[in-house]
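Look at the model below and keep it in view while reading. The paragraphs that follow go through a few of its local features.

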Amino acid sequence: MIGFGSTGDLFGDFEIQNPRHLDSRRQRSDAAKTGKEEAEVRAVTFDAVLQPHYNTASGMFFLTSTQASLANEVPGPTSPKPVVVIGAGMLGSSIAYHLSQRGVNVILMDIKTNLLPIHSSEKDIDPGTATASSFAWLNANNKAPLEYQQLNILGMETWKRHDLLKKYPNWSGSLIRKEQSNGRSNMDSPHYSCVGPLSIKVVAQLEPGIDFSAQLMRPNDVKEETYFFPQEGHVNPIEVVKALRLSAKSNGVSFYQGVQIQELARDKRGHVVGIKFTVNGATDEQFLESAMVVVAAGSNTSMPLLGNVHIPLKYEPGVLAYGNRLNVNANERSLRRIFVDTIYKSHILQRDGTLVIGGGDLIVGGSETTASAIVKPADVEGVGIAMLNKAARSIKPFELQSKTPLEAVRVTHANRPMPVDGLPVIGFIDSVPGLYVTVTHSGITLGPLLGELAALEVHNSLVSGEHRHLLRILDDYRPSRFRK
């Protein structure tokens, strides 16, 4: 039986056992041995230990490389020219918001045309193609390598501390059913809270909304086991993106909708000095001068916009089906937890009364199943019904077993942003001064954290005049790793 303690205990263990990015005490003597000037980055998540030396939305702070000067104490606007953020999904909206919190003049651009609600109570906004199609599972589950898992754990901690966003997640915990391991389980990690394998009785106590007593047709007669991850949760990505955009707008961020980027404008030195674009399909090209450009365009990050800069991305389509119960009885059971079934390739959660169901291509711990085909518009309803039926057979949530009918199925599908090595890309493009790029899978888990860190690096660059990477914690994820 695997069992680890509370969040506080978990981060205490990290500080001792896993010091590469999180240890606030270990001295990196290997730097002295090699004679290199090592960056000293510490991410401290303990309010009682040290107070942050600059204000952040999450209350965490990051000491920086001695090779880069920290300029975050400079107040107010940094330049009359705006920083242009391209892409208004989760990551782009987060970057724009966090830049605006630092007093930066920001313009947020997107090809979508419904970025802000007409009224604050209106829910119908377009959060972005990939964001709208996200299962929005907040987790660091079995993610590799270890530094990437740590980054995701910091992402989860950021959600819990974030001034604006901490009220949105549902920290329900997750149940994961997988094939039984012959030896040491890959769920057995000293760095992440996990309980299991669990008996059917315990699973039923944790999640009364799923029928585990049914004898299912096992693929190739595999033996299964189930684990519980108590610190995980989920969030409604549309609500979160809406909150980020509205707060950014109140901070002075301007929104350009229906924008198609034509090219980056550069000066004779090759520095990015602006954007050439069209609006709503018009042929007249417009020019906007900028202090810096941040590309957060998801799966479109490797578009011609970047010129000879190549960010290799995988083709990773994902499909989700949504179903709402009609005439729900208040006494009927509903799902409490996230359930991920890696054997039957189905996953499900309940979000604001709506069942959100995926059909097999959820990435768990860096491993993936066979990629789903892009759903044609004519096939959307059939695919959604098939996904619901599969969940009804394998996971057996009571919502699908009940005689209460479901509303018409809605299906979302998108090519998910996924760098070819599965790790985030975040940082300045060395060969194109004035250009900062961000793209990642796990964009919901990492969105608030990476938005804050990207904003810190961009702001520091504007103030210092140097396009230097500031944060050691991001060193493994720089665009330069794809340099040919």
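Which residues in α4 meet which residues in α8? The model is a predicted one. On the α4 side the residues are M90, S93, S94, Y97 and S100, and they meet V240, V241, L244, R245, S247 and A248 in α8. Sorted by class, this contact has 6 nonpolar, 4 polar and 1 charged residues.

Two packed helices are described by the angle between their axes and the distance between the axes. Helix α4 covers residues 90-101 and helix α8 covers residues 237-250; their axes come within 9 Å and cross at roughly 30°. Angles under 35 degrees count as roughly parallel, so α4 is roughly parallel to α8. The crossing of α4 past α8 is left-handed.

Next come the aromatic rings. The structure holds 4 aromatic pairs. One of them joins F428 and Y436 edge-to-face, with 4.8 Å centre to centre and 90° between the planes. F428 is buried, at a relative accessible area of 3%, and Y436 is buried too, at 0%.

The backbone also deserves a look. A cis peptide bond joins A144 and P145, with omega about 0°; P145 is in the loop between β5 and α6. Another cis peptide bond joins G196 and P197, and P197 lies in the loop between β6 and α7.

A136 is not a glycine, yet has a positive phi of about 55°. This residue is in the loop between α5 and β5. N280, also a residue other than glycine, has a positive phi near 50° and sits in the loop between β11 and β12. Are these two residues buried or exposed? A136 is buried, because its relative accessibility is 2%, whereas N280 is exposed, because its relative accessibility is 57%.

Definitions and conventions. Residues numbered from 1 in each chain as written. Predicted model: local features only at pLDDT ≥ 70, side-chain atom pairs only at ≥ 80, totals over all residues. Heavy atoms only, no water. Axes fitted to C-alpha atoms, helices over the stretch in contact; angles between N-to-C directions. Helix = DSSP H or I, 4+ residues; strand = E, 2+ residues; numbered from the N terminus. Parallel < 35°, antiparallel > 145°, perpendicular 65-115°, else oblique. Left-handed = near helix turned anticlockwise from the far one by under 90°. Contact = heavy atoms within 4.5 Å. Nonpolar A, V, L, I, M, F, W, Y, C, P; charged D, E, K, R; others polar. Phe/Tyr/Trp six-rings, centres within 6.5 Å; stacked < 30°, edge-to-face > 60°. Buried < 20%, exposed > 50% of the residue type's maximum accessible area, 1.4 Å probe, protein only.
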